[in-house]
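The entries follow in the order I worked.

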Amino acid sequence: MNSRSKKEWEALFNTQAMLDAYFSFQEHILILLLPFSQFNKDEDNITNLIGSDWTTKFNRIFKPQQNPMVMKFYDYIRGIKELRNKYAHGGFEKKKGSLLAHVPTLGAIPVELPQHNERGYSMIPIGDVDFTKICKVFDEFDMHLQNSEWSRAIRILEAGIDIRYDGEFMEQLNIATQSDESLNSFLQIESDEYARNANMDW
């Protein structure tokens, strides 16, 4: 029992760390994709968007209501996000979803009832974690982006290009994403410019 408990705690902690890292990374990507998503520098407030939650960012960039495939991924990922939020708040679910065990001198702690007959109650919220399924959803969504209309924008981000939000640079991005030839030319120019600056070759 102690061995199983140790493994469950490790799985919980590792999954929590993975979810925190993934959603932090994705929110960063969403902001960097802003210039590729009909961004209006005079009307859109970047600061407000940066400070908004994941749902607002995702809907602003990918507009899942207009794309059934993206909506499918959105529903999956939103469910995983709720799982992450549950763990981030000590295992307490929204709307009185947790069973609270009141322990003298300790207080109320969340307890999960068994989902399978062979398992007793648990104070480790591990029953709803399917690590393999979570990774599969993330991998499939990332693969979808790399093979969708976002593919050239993703290549620019993966190249480590510093993204700016001024009109001139956004026009360059617009031209770069029109074709693979334009994209390769843009990446080469940006790479050469970075090398000159890094080597102080002015």
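Where does T177 lie? I found T177 in the loop between α7 and α8; helices here are DSSP runs of H or I of at least four residues, strands are E runs of at least two, and both are numbered from the N terminus.

I note that this is a predicted model, in which local features need pLDDT of at least 70 and side-chain atom pairs count only at pLDDT 80 or more, while totals for chains, interfaces and linings use all residues. Residues are numbered from 1 along each chain as its sequence is written, and side-chain values use heavy atoms, with hydrogens and water left out.

Entry: T177. I listed its contacts (heavy atoms within 4.5 Å). Leaving aside residues up to four places away in sequence, T177 touches F36, R152, A153 and I156. I also checked W150: its C-alpha atom is 8.9 Å from that of T177, and the two residues are 27 apart along the chain.

Entry: α6 and α8. I took axes as lines fitted to C-alpha atoms over the stretch in contact, with angles from 0 to 180 degrees between N-to-C directions. The axes of α6 (residues 151-158) and α8 (residues 180-198) come within 11 Å and cross at roughly 15 degrees. That makes α6 roughly parallel to α8; the cut-offs are under 35 degrees for roughly parallel, over 145 for roughly antiparallel, 65 to 115 for roughly perpendicular, and oblique for the rest. I recorded the crossing of α6 and α8 as right-handed; a crossing has this hand if the near helix is turned clockwise from the far one by less than a right angle, and is left-handed if anticlockwise. On the α6 side R152, R155 and I156 meet D180, L183, N184, F186 and L187 of α8. The residues of this contact divide into 4 nonpolar, 1 polar and 3 charged (Ala, Val, Leu, Ile, Met, Phe, Trp, Tyr, Cys and Pro are nonpolar, Asp, Glu, Lys and Arg charged, the others, Gly among them, polar).

Entry: α1 and α5. The axes of α1 (residues 2-32) and α5 (residues 131-146) come within 12 Å and cross at roughly 15 degrees. α1 and α5 are therefore roughly parallel to each other, and I recorded their crossing as left-handed. Residues in the contact include M18, L19 and Y22 of α1 and I134, C135 and F138 of α5. By class, the contact of α1 with α5 has 9 nonpolar, 2 polar and 1 charged residues.
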